[in-house]
Amino acid sequence: MLGEGILKGLAETAKNFAGSFVSKERLTTVEYPEERLPLPEASRNFPFLVYDGTDWEKGLRCVACQICEKECPPKCIYIEKSKDKKPDFTGKPQIYPARFDIDISVCMSCQICVEVCPFEAIKMNTEYELSTDDRFGGLLLDRQQLAKSNEYYHQIHPAEAAGVDARLAEEKAKADAKAKAAADAAAKAATASAKPPDGAAGASTAVAAKAAPALPADSARAAAKTEPRKEGGD
């Protein structure tokens, strides 16, 4: 029938309109900003930097490898490496980003920076209320503005964050086991080099015996004369 789809659509609209007065399920309008719909876990908007611990500057996972800057299609990431190293959250000296800026007015939320990061340091945020009257400085976020704790990451992407933590813990356990094995091997090598071989004691005794001076013949004869003489039975 011609126009059957239009009639079905109008009927559905009328049903929702009339039902919205008696049923909250039919009320599809959200009174924003007083009301907000919960965002799905897979939603994403702009990137942020993950840090561990309580100090954002010390705990940043980013080591300024600049892979995300090179791979970013709109080139909205700007990174400057530090000239020195400082201990990270685990105490290991690392290069850190002296500057890490993202121009969110250019960012297209493609998530390529997240996919190429080998250190799980950059993730996608779900925050969308970022309007500002400053179209230049207000939309250029620095590393302090981008830094979010790992707890915050668990709040917005719980399943993804749990998988990342498990993977990082596994990698750390492997690195610790490898370091322990290397330390044990070095300790064994040091002990083996300090301990003389089994034949070394006998060889040193033989050398000492050869090096000892022989008794003179007169001394040997004098020793023989001093021995008591055995008397016979007669």
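User: How many disulfides does a search of the whole structure find?

Analyst: The search of this predicted model returns 0 disulfides.

User: How do you know that Cys62 is in no disulfide?

Analyst: The cysteine sulfur nearest to that of Cys62 belongs to Cys68, 6.3 Å away. A disulfide needs the two sulfur atoms within 2.5 Å, so Cys62 is in none.

User: What about Cys72, which is also in no disulfide?

Analyst: For Cys72 the nearest cysteine sulfur is that of Cys76, at 3.7 Å. The cut-off is 2.5 Å, therefore Cys72 is not in a disulfide either.

User: Why does Cys72 count as buried?

Analyst: Cys72 has 7% relative accessibility. Buried means under 20%, so the label applies to Cys72. Cys62 is buried too, with a relative accessible area of 11%.

User: Why is Gln111 called partly exposed?

Analyst: Its relative accessibility is 24%. Buried requires under 20% and exposed requires over 50%, so Gln111 falls in between.

User: Where is a cis peptide bond found?

Analyst: The cis bond joins Tyr32 and Pro33, with omega about 10°. Pro33 belongs to the loop between helix H1 (4-19) and E1. Most peptide bonds are trans.

User: How do you know that E1 pairs with E4?

Analyst: Strand E1 and strand E4 (residues 122-124) share 3 bridges in the antiparallel sense. Pairing takes at least two bridges, so E1 and E4 qualify. One of the bridges sets Leu49 against Ile122.

User: Which strand runs parallel to E1?

Analyst: Strand E6 (residues 147-149) does, joined to E1 by 3 bridges. In E6, Leu49 has Ala147 as its bridge partner.

User: Why are E2 and E5 called edge strands?

Analyst: The open sheet of 3 strands has the order E2-E3-E5, with antiparallel pairing. Strand E2 (77-87) and strand E5 (140-141) each pair on one side only. E2 and strand E3 (residues 93-103) pair over 8 bridges, against the required at least two, so E2 and E3 count as paired. Within this pair, Pro87 stands opposite Pro93.

User: What makes a set of residues a nonpolar core here, and which residues have the most contacts inside the largest one?

Analyst: Members must be buried residues of the listed nonpolar types, joined through side-chain atoms within 4.5 Å. The largest such core has 25 residues, and Ile77, Phe100, Ile102 and Ile122 have the most contacts inside it. Elements giving two or more residues to this core are E1, E2, E3, helix H4 (112-116) and E4. Apart from this core lies another, of 6 residues, among them Phe48, Val50, Tyr153 and Ile156.

User: Which residues are in contact with Ile102, leaving aside its neighbours within four places in sequence?

Analyst: The contacts of Ile102 include Pro47, Cys76, Ile77, Ile122 and Leu139. Leu140, Leu141 and Leu146 are also among them. In soluble globular proteins, nonpolar side chains tend to be buried together.

Conventions:
Residues numbered from 1 in each chain as written. Predicted model: local features only at pLDDT ≥ 70, side-chain atom pairs only at ≥ 80, totals over all residues. Heavy atoms only, no water. Helix = DSSP H or I, 4+ residues; strand = E, 2+ residues; numbered from the N terminus. Buried < 20%, exposed > 50% of the residue type's maximum accessible area, 1.4 Å probe, protein only. Contact = heavy atoms within 4.5 Å.
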